[in-house]
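My notes are below, in the order I looked things up.

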Amino acid sequence: MTTKVELDRKVKAKGWEIAEALRADFRKRGIYAVNLIGSPGAGKTSLLEALAPRLQGKAAVIEGDLQTDEDKRRIERCGLPAYEINTIGACHLDAKMVENALTEFPIPDKQFLFIENVGNLVCPASCEIGEDIKIAVISVTEGGDKPAKYPVALRVSAAMVISKLDLLPYVDCDVERMERDALAANPEIEIFKISAKNGDGLDEFLSWLEELRAARN
């Protein structure tokens, strides 16, 4: 058992080392990396599709899924370059996967790099992959209790996107509770209420990201 723990620590330490190297390279090149985390069906890909017209020529996307390149093809149809990582069972992306992807998928300098993690609100929250920030995407269709049930995801995120806002009239979701619980987990968190379908909140969200990138550079 002791050997197992030591090996786990070594693997995690190596992952952090790779993540820090990626982060340093991104910052040197003016790349702003955003790690999108959220459950399957939370609306992460739809959010990127809705942002795509505003990001032409200044963003690239890495998609993480257990199988298929479906999300990669969706993003490419919107005009953004994309690369798919299939984890074949792993519940989240790790820094080595991202490092390997970038050998085949070079990102131009001074771009946004959106990394859509595997659908999961648990494992991706505890793993660094070289990002500047994590953003938690939680849809109204998941219910208003999700921020309370997954506080770690909110604790490590710079923002929470409440997605699929256009469906609010048709689902039972307490958005005020979502906001309240998110702020209880992380008083610094920014909250955006967005509909990818009708565009509500997209300009505000992107302006915030651009301000963060400008401040870092």
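I began with the side-chain directions in strand S2: Ala59, Val61, Glu63 and Asp65 point one way, while Ala60, Ile62 and Gly64 point the other way. In a regular strand the side chains alternate between the two faces of the sheet. I then checked burial, taking buried as under 20% relative accessible area, exposed as over 50% and partly exposed as in between, with a 1.4 Å probe and protein chains only.

The model is predicted, so I note the limits: local features need pLDDT of at least 70, side-chain atom pairs count only at pLDDT 80 or more, and totals for chains, interfaces and linings use all residues. Residues are numbered from 1 along each chain as its sequence is written, and side-chain values use heavy atoms, with hydrogens and water left out.

Next I looked up the strands beside S2. Helices (H or I, at least four residues) and strands (E, at least two) are DSSP runs numbered from the N terminus, and two strands pair if DSSP finds at least two bridges between them. S2 pairs with strand S4 (residues 112-116) in the parallel sense over 5 bridges. Glu63 has Glu116 as its bridge partner in S4. S2 also pairs with strand S3 (residues 82-86), again parallel and over 5 bridges. In S3, Glu84 stands opposite Glu63. From S2 the chain passes through helix H3 (residues 70-77) to S3 in a right-handed β-α-β crossover. Right-handed here means that, with the strands pointing away from the viewer, the path from the first strand over the helix to the second runs clockwise.

I stayed with H3, which contains Asp71. Is Asp71 buried or exposed? Asp71 has a relative accessible area of 12%, so I list it as buried. I then asked which residues Asp71 is in contact with, leaving aside neighbours within four places in sequence. Counting heavy atoms within 4.5 Å as contact, I found Thr45, Glu63, Asp65, Glu84 and Glu116.

Last, I turned to the whole protein. I noted 8 helices and 7 strands. Buried residues make up 48% of the 217 residues. Of the contacts with a separation of 6 or more, 72% are between residues 24 or more positions apart. The C-alpha atoms fill a box of roughly 50 × 45 × 35 Å along the principal axes.
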